[in-house]
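User: Could you walk me through how to read strand pairing, burial and a ligand shell in a model like this one?

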Amino acid sequence: MLNAVEKISDEKIERDAVQIWKDCLSIIKDNIPFISYSTWFLPIKPAEFDGTKLKVYVPSNYFIEWIEEHYNTLLNRTVNQVIGESGKLVYLVLDEKEPLTKETTFTQNIPEPKEVKQTVEIQKEFESGLISKYTFDNFIKGEGNQLARAAAYAIGDNPGQTSFNPLFIYGGVGLGKTHLIHAIGNKILEKFPEKRVIYISSDAFTVEFVEAIQSNTVNDFSNFYKSMDALIIDDIQFLVGKEKTQDLFFHIFNALHQNGKQIVLSSDRSPKELKGLSDRLVSRFLWGLQTDIQPPDLETRIAILKNKSETYGINLSREILEYIAHNITSNIRELEGCLVKLLANASLTNREIDFDLVKRTVKEVSTTKQVNISIELITKVVCEYFDIEENKLREKNRRKEIVLARQIAMYLSKQLTKSSLKTIGLHFGGRDHSTVIHAQTSIEEMILSDLKLKEIINTIKNKIEMTAA
Ligand SMILES: Nc1ncnc2c1ncn2[C@@H]1O[C@H](COP(=O)(O)OP(=O)(O)OP(=O)(O)O)[C@@H](O)[C@H]1O
């Protein structure tokens, strides 16, 4: 009986919220350009109203920042008009890793919106650390992530029971590793709400470990992680050089593995490339499945852009999607960044998203990216990759692997910097500009037929861009 009463009053709270937000929207709509209205206000959804406070769901903290910076006065006025002088708007951020802590008359952060909690019915004494917006449903399949996705999906369905234990996913920056490993955790909890699943970055794991040492609670710390059904650790490369943490992790790993519990790890490089990680850990990482994620091809980039723009409530033409996807090739985070910038530009300049605006935004995004990339940085990353000394690229060395590394460095210098052929030639031992042209055309030809080389160059390019960012 009590439940029924609660249910009725819950429904009323939601209904009131819907009506009030509708009234607010009709005022807002009349006061700002339609593009700004649809970009920043339509994605906001009403949650509940308690007489003075209207709680609304917003997609991200970025939204709050933007709205507060640009529309605070309008919102203030609108809320006062619709609710009255004591009216307040409270934002519930869906699914951000770190919710805003700032509080203003308008905003206040509530850690977990109701909707998110409902997906996990069994309350645990710890936070899973999972971001619920990262799911398999919104992870676009492509050639570059096919195997990683399939293995991740199988684990989500059957944690600890496949031969993919541990699952080790590696690849360049912004290619979807974090998204995928969260999706695993979310799927496990969806299917088995009682399971204990935790996501943590290896950095946070180290910090917690140091705190446990300081407070003399290392045993509790270790037992806590050993009690998980699935342990998901992001960016495991940050354990390199941290011997004590590695040691403890080794014991946790063994305990979980022996008990058939699932371990999922992500890294920016393959286990064998994790120099500085103890051999016994590396050998355990090789027990299960190691799979990489490669940069997405054109069709996948278009599909991702389409999907992301739809979540922002906008429909971009195929021509625009293709243009962005053609010009932003390195990683998905950058594609998303370009989309957000496009929305911001359209909103700021109060114009429709047309081809000119798209071109300008893509140019802006690409220019900022290129600013910090130097030929020195390119040389350094290429040499690190091939494990050769930098001066070898400047010498007249004709060894096959040195020639290839030199040509790749020249090719990337032309692609990623604004340096002239002459300047690039000078950096590589005072070579003529025709040598640089030759390097460029040779690499372009080689990657047409040699997919492995193409992958290597993409990996190097990602590393350069990551270091320069
Ligand atoms: N296949 C995909 N489909 C949809 N969105 C994707 C896909 N791959 C990546 N993304 C999105 O791109 C963004 C960057 O992805 P993510 O953070 O998972 O990258 P990462 O590989 O973990 O990068 P880093 O190594 O820098 O942590 C996220 O917003 C993610 O949702």
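User: Which residue in S2 is the bridge partner of proline 46?

Analyst: Strands here are DSSP runs of E with at least two residues, and helices are runs of H or I with at least four, both numbered from the N terminus; two strands pair if DSSP finds at least two bridges between them. In this case the partner of proline 46 is valine 56 in S2, and S1 and S2 run antiparallel, joined by four bridges. This is a predicted model, in which local features need pLDDT of at least 70 and side-chain atom pairs count only at pLDDT 80 or more, while totals for chains, interfaces and linings use all residues. Residues are numbered from 1 along each chain as its sequence is written.

User: What joins these two strands, and how does the sheet continue?

Analyst: The hairpin of S1 and S2 has three residues between the strands, and glycine 51 takes a positive phi near 110° there. Three strands form an open sheet of mixed pairing in the order S1-S2-S3, with strand S1 (45–49) and strand S3 (88–93) as the edges, each pairing on one side only. Strand S2 (residues 53–58) pairs with S3 in the parallel sense over six bridges, and leucine 54 has leucine 89 in S3 as its bridge partner.

User: Why is S1 described as largely enclosed by the rest of the structure?

Analyst: A residue is buried if 20 or more other C-beta atoms, placed from the backbone, lie within 10 Å of its own, exposed if 12 or fewer, and partly exposed in between. Strand S1 is largely enclosed because four of its five residues are buried.

User: How should I read the shell around the ligand?

Analyst: A residue is near a molecule if its C-beta atom, placed from the backbone, lies within 6 Å of it. Of the 16 residues around the ligand, Gly176, Lys177, Thr178, His179 and Ile332 come nearest, and helix H6 (177–191) and helix H13 (332–348) each supply at least two residues of the shell. Glycine 176 lies in the loop between strand S4 (167–171) and H6, and it counts as buried, with 25 C-beta neighbours inside 10 Å.

User: Which residues does the UniProt annotation "binding site" cover?

Analyst: UniProt annotations, given here in the numbering of this model and with shortened feature names, may be inferred rather than shown by experiment. The "binding site" annotation, from an unreviewed entry, covers Gly174, Gly176, Lys177 and Thr178.
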